[in-house]
Amino acid sequence: MKKEIILFQKCLVILRNIVFVVMFFELHAQPFAQSFNLKGQFWGSGLTSDDPAEDQSSIETQLGYIPTLSLLSHLSGERLLDMEWAYRVSRAYSGEALLTSAEKPYRGWVRYSTRRVEARLGLQKIAFGPAQFLRPTSWFDTIDLRDPTGQTDGVEAFRLRLFPVSSLAFWGWFINSEMDTLSYGGRAELSVASGDWGITLHQDPTKSPQQVGLFPVVMPGPHKRAAIDYRYDGFMGFWFEGASLFSDDDDYPGFNRYTLSTLGGDFTLPVGNGILIMTESMQIKGKSSQNSDSYDQTYTVFMASMPMGLLHQVMAITQIDWKSERAYYYFRWGITYDYLSINFLLSANPRRVDYVFQEEYLPPSLAGFGNGIQFMLIYNH
């Protein structure tokens, strides 16, 4: 079976290269000015906090740039062939010392699409589900509403989407993990007058323990994931998102079954330009198939966001971890011009001593600890 998986992975790489080559020649047969786009995002920030890690500075700076090249070709019969390549370069400094650095591909996919079919191959973003902050199905992305850059990690995958009618969509995917393991799954979406529904299944044969999503959910090895979600938009918005994870190893002595469920809603108050208020609450339950041990944790988020004129936007977020009795507060004032975004951010978080982990097991970054003030400049060209 392993040989077949490796062969399939090699076929995906070869297929992607073939599509790149075919697209290259196809684009040269088209007017180049209509098919080529070079854009990018530059960001820089300065953060100070009153709770630095031991031997670290209380001032942290970050610089980064993502150049993005896009190629597009309109084919006959309303067919489209396009690609995107992006590379992320970033540096973070604690005082004058280098804290982290990254130089890696950010996106690299080719796509063929018609009115009924979309096929995308390569390093890409795969995200779904109506939840905005506490997302049980954040299996393949790192979306965070608090990040003004809007960046999210991608996955090496082949994704196929079919649209037999306007109200129905089917997804299917194969994802190659960093451990060269091929996982696969699918999703069905239905839009009707009563709301939007989604059902998702995924099988991950990875043998090593791995964290699933952005929450403390660690699966010990090969496992299955199943999820259902629903969203209704009327006088107010309402959504539900639930996921269950089942380990293939019933003899595992620790937690090998998890259930995550989120309820959320939003409403726009008719004050000024409109104040959007949103709340979500998530419950995580972990169980063991070998004993009666269980794990239970609940999070709640409150968010308020309001535009001020044409350029200004303010947003406040409070997140509560009920089990640990911790609260996180975040405020952002953003000023957005055509290409430039200026952001002032305030945050109040638990201090490092409030965690049960020893300090050496906590991240060295200032982000997420103590009271912080941050300034961030984002330039999109």
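Analyst: A residue is called buried when its relative accessible area is under 20%, exposed when it is over 50%, and partly exposed in between (1.4 Å probe, protein chains only). The model is a predicted one, in which local features need pLDDT of at least 70, side-chain atom pairs count only at pLDDT 80 or more, and totals for chains, interfaces and linings use all residues. Residues are numbered from 1 along each chain as its sequence is written, and side-chain values use heavy atoms, with hydrogens and water left out.

Helices (H or I, at least four residues) and strands (E, at least two) are DSSP runs, numbered from the N terminus. Ser183 belongs to strand β8, which covers residues 182-192. With a relative accessible area of 6%, Ser183 is buried. Contact means heavy atoms within 4.5 Å; beyond its neighbours within four places in sequence, Ser183 is in contact with Trp173, Phe174 and Ile175, and also with His202, Gln203, Asp204 and Pro205. A polar contact is a pair of N or O atoms within 3.5 Å; within protein, one must be able to donate a hydrogen and the other to accept it, and residues adjacent in sequence count only if both atoms are side-chain atoms. The side chains of Ser183 and His202 make such a polar contact, at 3.3 Å.

Turning to the loops, Asp55 lies between β1 (36-49) and β2 (59-75). Asp55 is exposed, with a relative accessible area of 76%, and its phi is near 70 degrees, a positive value in a residue other than glycine. Glu78 lies in the loop between β2 and β3 (79-94). Glu78 is exposed at 59% relative accessible area, and the phi of Glu78, near 60 degrees, is positive in a residue other than glycine.
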